[in-house]
Amino acid sequence: MKNKNRLTTKLDQRLLRTVLPALISVIILSIPLFNFPQQNLWIRIIGYAGLYIILGLGLLVHVGLAGMFDLGFAAFYAIGAYTCAFLASPHFNIHLPFLVVILIAGVLAALVGSLICIPVLKLRGDYLGIVTLGFGEIVRMLLMNLTDITNGSQGIIQIDKPIILGLNFSNGKYFYYFIFALVALLLFLLNRVINSRTGRAWLAMREDEDVAQMSGIDTSKYKILAFAIGAFIGGLGGAIFASWQGSIFPDNFNMNVSINILCVIILGGLGNQMGVILGAMALIALPDILRGFSDYRMIIFGLLLIIMMILRPQGFLPRKAPKFEENSSGLPDTKKEVQS
């Protein structure tokens with residue numbers, strides 16, 4: 001009976017890993033291929049959710065993998081967006097190619113993330129969350145008040161549309177496919193990192209930083225690395241957002257954005273990459289999908305969230321134990337009592 005239950009569990013896990021991602025991929029990729037009423041609206045809604053998937057994967061590195069509570073992730077999002085606006089618009093009359101701009105935006109966000117992480121290496125939990133929250137608000141206020149550089153509340157407009165391989169991204173379909181191609185690439189790379197020495201160090205830090213440090217892990221180095229990688233992904237998302245929208249303003253990067261990104265990874269399942277996709281679709285796309293029920297839209301959405309938190313408090317897809325946390329049977333190790 002036990003062997004049968006184990007076999008059933010393994011089959012369920014394999015189906016969840018293969019069938020669910022394949023089904024989601026087919027649905028997402030097929031939306032721009034068929035003409036139907038309000039197609040452009042659907043492309044905008046699902047594409048915007050895809051943008052939040054990218055941001056969620058960046059914050060997942062901070063919170064879900066390395067265990068660093070970050071409430072100011074919108075700051076890296078803003079840095080990437082304004083970098084794109086500075087380097088690809090009439091604002092400074094610089095018009096670099098989009099692939100160069102997005103790379104510079106990610107690197108600059110990663111550099112800022114590393115510099116911010118250094119002074120707060122000793123902080124944990126809520127204290128780190130308060131510091132990052134303050135950092136996010138400082139960045140937003142700088143964008144608001146440095147009018148000579150950022151144009152203040154007037155924002156920056158007429159941002160260049162990307163041209164990649166001869167394709168002019170004036171059509172939203174190109175942005176749509178570019179976003180989800182980047183999502184697929186990030187999922188692959190993060191999966192490789194999680195199963196590497198770095199990923200194991202992050203997971204050890206998340207479970208117990210003191211024990212990880214006593215085990216010989218250089219927690220300071222891995223914290224800075226996690227902040228840099230997460231910020232790099234956030235910078236990529238900001239550059240895509242700026243070029244797609246064509247204009248940016250400081251209010252696009254307020255505290256609510258950071259909270260929404262955090263809710264995406266918690267709702268999807270903290271520490272689970274596929275959970276980020278489901279969380280973004282539920283939290284970002286679903287309210288717009290329900291817009292037809294304008295009078296009851298937020299009531300329905302709030303009710304669904306309450307039901308979700310009652311039935312699945314660990315999120316849609318709770319974190320699965322990595323391979324190195326499993327025993328020879330393929331199931332997570334259970335605590336064994338030690339008799340003296």
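**Reading the chain**

Tutor: Let's begin with the overall make-up: the protein chain has 13 helices and four strands. Helices (H or I, at least four residues) and strands (E, at least two) are DSSP runs, numbered from the N terminus. This is a predicted model, where local features need pLDDT of at least 70 and side-chain atom pairs count only at pLDDT 80 or more, while totals for chains, interfaces and linings use all residues. Residues are numbered from 1 along each chain as its sequence is written, and side-chain values use heavy atoms, with hydrogens and water left out.

Student: What share of the residues of the protein chain count as buried?

Tutor: First the cut-offs: buried means under 20% relative accessible area, exposed over 50%, and partly exposed in between (1.4 Å probe, protein chains only). Of the 340 residues here, 45% count as buried. Contacts are worth a look too; a contact means heavy atoms within 4.5 Å. Among contacts between residues at least 6 apart in sequence, 75% join residues at least 24 apart.

Student: How do I check a helix, say helix 4?

Tutor: Compare its span with what you'd expect, which is 1.5 Å times one less than its number of residues. Helix 4 has 20 residues (98–117) and should span 28 Å; its end C-alpha atoms are 28 Å apart, so the two agree.

Student: And which residues of helix 4 are buried?

Tutor: Here's the general idea: an α-helix has 3.6 residues a turn, so residues three or four places apart point the same way. In helix 4 the buried residues include F98, V101, I102, A105, A109 and G113. The buried residues of this helix pack against helix 3 (74–87), strand 1 (88–89), strand 3 (163–164), helix 7 (172–194) and helix 10 (219–245).

Student: How many salt bridges does a search of the whole structure find?

Tutor: Side chains of opposite charge can pair when their charged atoms come close. The rule used here asks for a side-chain nitrogen of Lys or Arg within 4 Å of a carboxyl oxygen of Asp or Glu. Searching the whole structure by that rule turns up six salt bridges. In one of them, R124 meets D210 at 2.8 Å, N to O. R124 sits in the loop between helix 4 and helix 5 (125–145) and D210 in helix 9 (residues 209–214), so this pair ties together parts that are 86 residues apart in sequence. R124 counts as partly exposed because its relative accessibility is 38%, and D210 is partly exposed at 38% as well.

Student: Where do K223 and E209 lie?

Tutor: The side chains of K223 and E209 meet in a salt bridge of 2.9 Å, N to O. K223 lies in helix 10 and E209 in helix 9, so the pair ties together parts 14 residues apart in sequence. Both K223 and E209 are buried.

R140 is buried, with a relative accessible area of 16%.

Student: Which residues have the most contacts inside the largest nonpolar core?

Tutor: A nonpolar core is a set of buried Ala, Val, Leu, Ile, Met, Phe, Trp, Tyr and Cys residues joined through side-chain atoms within 4.5 Å. The largest one has 97 residues, and I53 and I248 have the most contacts inside it. Helix 2 (residues 39–65) gives the most to this core, with 15 residues. Not counting residues up to four places away in sequence, I53 touches F180, V183, V276, I277, A280 and M281.
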